[in-house]
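This report describes a predicted model. It covers a hairpin, the strands around it and the nonpolar cores.

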Amino acid sequence: DNAVVDSSLGENLPVKNVTAAPTNLAASEIEEHSFRVTWDGGDATHFIVETSTVADFSMPDSIVVSDAISETKYYVRNVIEEKDYYVRIKATAFGEEESEYSEILNVTTLAPYRPTLSVPENFTILSVKGFEIGLSWSKGEAERWIVQYGTDSLLDECEETDQLTEPTVVISNLTSLTDYYFRVKALAKGWKDSEYTSIIHAKTT
């Protein structure tokens, strides 16, 4: 057997081999609140999985440590949706010391599913009075709206309103005898924003 001599005791002591760190970490079955990690464990018999929201594991309070497990797979659960998590693993085997940590695996949990709002319908010019142009559209399932407007016919350069709580607005302080272009999109809690409507236009008087 491999042995070293401790000169102070005058006797041979067994050498403790250090097992290799796990390799080939991979994530699968990624959901909003869980994901699965697998790895190659070599000759190790047990593994400890550490998970953190801090990439370099520098904040102890952020680290969640698993019990020692014998399989080369582990489900990380009770995590937050649409967030980055970092995983590292160390190995051990009977009669051996723990390995160094594996390379760190970065996993981003999924965003919650949100249906997309329909594009507002019946978007129209409601009124043109001097330096003001009124607009209206159908409410649909939306709770709020944003209108973009300007003199650029493609609205690549434009201004936009604050979030509106009613499906109508009067855009004021415009320049007289000028063509203005408008489009609107819908917003609501728990939904993805709609696409913008087609652009409509009107000329101030």
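## Hairpin of β10 and β11

Gly130 takes a positive phi near 60 degrees in the hairpin of β10 and β11, where two residues lie between the strands. Strand β10 covers residues 124–129 and pairs with β11 in the antiparallel sense, over five bridges. Within this pairing, Ile125 has Leu135 in β11 as its bridge partner.

Ile133 stands opposite Ile171 of β14. Four of the five residues of β11 are buried, and the strand is thus mostly covered.

## Nonpolar cores

The largest nonpolar core has 20 residues, and Leu135, Trp137 and Phe182 have the most contacts inside it. Two or more residues each come from β11 (132–136), β12 (144–150), β14 (168–171), β15 (179–187) and β16 (200–203). β15 gives the largest share, four residues. Another core lies apart from this one; it has 16 residues, including Leu25, Phe35, Val79 and Ile89.

## Surroundings of Leu135

Leaving out residues up to four places away in sequence, Leu135 touches Phe123, Thr124, Ile125, Leu126, Val147, Pro167, Thr168, Val169, Ile171, Phe182 and Ile200. This list includes Ile125, the bridge partner of Leu135, and Phe182, which is named with Leu135 among the residues with the most contacts inside the largest core.

Definitions and conventions. Residues numbered from 1 in each chain as written. Predicted model: local features only at pLDDT ≥ 70, side-chain atom pairs only at ≥ 80, totals over all residues. Heavy atoms only, no water. Core = buried A, V, L, I, M, F, W, Y, C linked by side-chain atoms within 4.5 Å. Buried < 20%, exposed > 50% of the residue type's maximum accessible area, 1.4 Å probe, protein only. Contact = heavy atoms within 4.5 Å. Pairing = 2+ DSSP bridges.
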